[in-house]
Amino acid sequence: MKNTLFYNITIALSGLFAGGCITILFILVPFWKSLPPTELMVWFSHNGPHVGITMLPMQILPLLFTAYAYILARKNKEKSKEIWLWANISNGIILLMFVGYYLSVNLQFINQTMNPDDVAFELQRWEMIHIARTILAILSTVLAIVAYFRYVNTKMTTL
């Protein structure tokens, strides 16, 4: 069971990102919604880069680790390989969401270039997309756990 430690680290990283998404959803988003538009952008200009520096590696590492877990599972002909593939696809979609939406919108908040009249609508859209991202992060974590247990159960039955 040589891949056990790697798979456990992958689960931990996926869970860490999912936890970060949940924290943003239930703590930061309600706080942001309570702020007037210009204050929200001021908050983002001071804190957004710190949140980004924290969340971006937490987002990329699970993608890299689930990709490698899939490669390992496929190479070793493990029954868990399809599950690792789906976890990786979930993480890939999360990265596409970042590149396709969050990067530009967060930079507009950080640089305070968004029209204040558009902030409330954009924050609502931001939240909806973040809910989808959070669901995908949780799904990726659950899939990684399922893949791990399929791996362990298969190894235990072959002993």
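Helices H1 (4–34), H2 (37–75), H3 (81–110) and H4 (116–157) each contribute at least two residues to the lining of the largest pocket. The model is a predicted one, in which local features need pLDDT of at least 70 and side-chain atom pairs count only at pLDDT 80 or more, while totals for chains, interfaces and linings use all residues. Residues are numbered from 1 along each chain as its sequence is written, and side-chain values use heavy atoms, with hydrogens and water left out.

The order of elements from the N terminus is α-α-α-α. The C-alpha trace spans about 65 × 25 × 20 Å along its principal axes.

The volume of the largest pocket is about 330 Å³. Its lining comprises 20 residues, of which Gly48, Val51, Gly52, Phe98 and Asn106 are the closest to the centre. A pocket is here an open set of points on a 1 Å grid over the protein atoms alone, where a 1.4 Å probe fits, with protein on both sides within 12 Å along at least five of seven lines; lining residues have an atom within 4 Å of a point. Points are joined across faces, edges and corners, and the volume is the space filled by probe spheres set on them. H2 gives the most to this lining, with 10 residues.

| Class in the pocket lining | Residues |
|---|---|
| Nonpolar (Ala, Val, Leu, Ile, Met, Phe, Trp, Tyr, Cys, Pro) | 15 residues |
| Polar (the others, Gly among them) | 4 residues |

Of the 159 residues, 43% count as buried, that is, under 20% relative accessible area with a 1.4 Å probe, protein chains only. The largest nonpolar core has 28 residues, and Phe17, Ile24, Trp32, Leu40, Phe44, Phe109 and Trp126 touch the most other members. Such a core is a set of buried Ala, Val, Leu, Ile, Met, Phe, Trp, Tyr and Cys residues joined through side-chain atoms within 4.5 Å. H1, H2, H3 and H4 each supply at least two residues of this core, and H3 provides the largest share, 8 residues. A second, separate core of 16 residues includes Trp84, Ala87, Ala144 and Tyr148.

Neighbours within four places in sequence aside, Leu40 is in contact (heavy atoms within 4.5 Å) with Trp32, Leu35, Phe109, Val119 and Leu123.

Definitions and conventions:
Helices (H or I, at least four residues) and strands (E, at least two) are DSSP runs, numbered from the N terminus. Buried means under 20% relative accessible area, exposed over 50%, partly exposed in between (1.4 Å probe, protein chains only).
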